Amino acid sequence: MSIGGQPRIRLANLPTPLTEARRLRDALGSHTRCPRILIKRDDLTGGLAFGGNKVRKLEFLVADAQRRGATVLVTSGALQSNHARATAAAAAVAGMGASLILTGEQPATGVQGNLLLDDLLGAEVHRVAAGPDRSAATGDDAEVVARVMADLERRGERPYRIPVGGSNAIGTLGYVAGTLEIVGQLFDLGERPTRLYYANGSRGTQAGLALGAKLYGAPYLSYGIAVSGGEPEKSARAVAIANEAAGILATTIGVSPDDLRGDDDQIGAGYGIPTAAGLEAIRLLATTEAILLDPIYTSKAMAGLIAHIRCGAIAPTETVVFLHTGGTPALFAHADTLVAASAGSPRGEAE
Ligand SMILES: Cc1ncc(COP(=O)(O)O)c(C=O)c1O
């Protein structure tokens, strides 16, 4: 199914489940202190090499690439980029090449997590050294991108550029369609949650959720928990992307800065660096629901939700949705940190 006549290919297993996390609620204070928590399992969009939120965006991006006769998808991100891995996977099933420009130093753990999967999926990887600013996510290195694109053209390929995180107007349609799915599921279940929590990175997900919520009358307010710095430019970018996507859909409904909510209390020491609260969230979700969060995005988003519950910002009578955006392969690239945190946890000490 497409939206607004925009081409879309099928990459994800949809709809993803929307399930209640009862044991998590019990662990967070039960019905006297904790709202009901529904988890939207977009970690289960795969099928496609571990899935995640990026698969929804790629359904529209790869269709656009095919329409333009492209032969290679070119994108960039951090060394453990979930988006880059999902792009490599989408390219494989679409019969295209993938050229990934990845920023960061080779970690002591070697080729692990998403980087290992990029290799297995047959992607061509170009490494770029990291800059000094650890608060921001690694972004486009315009010069390297231009060089890679030119080199592909010289080799007779037709490269298609996908920005960091797949966050442009076309990619954003993934979460406009995703919102339609969520709103439909909530209607079928008779649920009216007050809030939806998710991890905020390059903001394409935020843009799609914000536009989708207005288009489809979502009952909830969306809270994006930032995993990297860059305000206020990033919010401005989310608004611009959402409104460009609205243009593609030929709707007069638009998004303004007032439609975006969230906090940046969970970034910690910077993008890609796990936090104590995030590591606690990983263990809590694993031990209560057997749901695996990732150390870079979803653990920080869940830590944000837990912080809001613990400070009483959400009443126990409310229902909230947590959007699990995937990212699980990065767990394996952070094994040492997770094991060290486990040794410090109460259960770790007991064992
Ligand atoms: C697992 C995961 N969650 C959330 C995000 C954030 O999505 P966006 O970049 O659209 O803000 C990403 C982006 O890479 C991700 O990999």
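**Entry 1: salt bridges**

I looked up Glu-59 and found a salt bridge with Arg-8, the closest N and O atoms being 2.8 Å apart; a salt bridge here is a side-chain nitrogen of Lys or Arg within 4 Å of a carboxyl oxygen of Asp or Glu. Because Glu-59 lies in helix 3 and Arg-8 in the segment before strand 1 (18-20), the pair ties together parts that are 51 residues apart in sequence. Helices (H or I, at least four residues) and strands (E, at least two) are DSSP runs, numbered from the N terminus. I note that Glu-59 is buried at 1% relative accessibility, whereas Arg-8 is partly exposed at 22%. Buried means under 20% relative accessible area, exposed over 50%, and partly exposed in between (1.4 Å probe, protein chains only).

The model is predicted: local features need pLDDT of at least 70, side-chain atom pairs count only at pLDDT 80 or more, and totals for chains, interfaces and linings use all residues. Residues are numbered from 1 along each chain as its sequence is written, and side-chain values use heavy atoms, with hydrogens and water left out.

I next examined Glu-231, which forms a salt bridge with Arg-203 at 2.6 Å between the closest N and O atoms. Glu-231 sits in the loop between strand 8 (221-226) and helix 9 (233-248), and Arg-203 in the loop between strand 7 and helix 8, so the pair ties together parts 28 residues apart in sequence. Arg-203 is buried, with a relative accessible area of 4%; Glu-231 is partly exposed, with 37%.

I also recorded a salt bridge between the side chains of Asp-64 and Arg-68 (3.0 Å, N to O). Asp-64 counts as buried at 2% relative accessibility. Glu-20, Arg-22, Arg-36 and Glu-191 are linked in a network of salt bridges. The count comes to 16 salt bridges.

**Entry 2: the ligand**

I turned to the 16 residues around the ligand, of which Lys-57, Gly-201, Ser-202, Thr-205 and Thr-325 come nearest; near means that a heavy atom of the residue lies within 4 Å. By class, this shell has two nonpolar, 11 polar and three charged residues. Helix 3 (53-67), strand 7 (195-200) and helix 8 (204-216) each supply at least two shell residues, and helix 3 gives the most, with three.

I found an oxygen atom of the ligand 2.5 Å from an N or O atom in the side chain of Ser-202. A ligand nitrogen is 2.6 Å from an N or O atom in the side chain of Thr-325.

Notes:
A polar contact is a pair of N or O atoms within 3.5 Å; within protein, one must be able to donate a hydrogen and the other to accept it, and residues adjacent in sequence count only if both atoms are side-chain atoms. Ala, Val, Leu, Ile, Met, Phe, Trp, Tyr, Cys and Pro count as nonpolar, Asp, Glu, Lys and Arg as charged, and the others, Gly among them, as polar.
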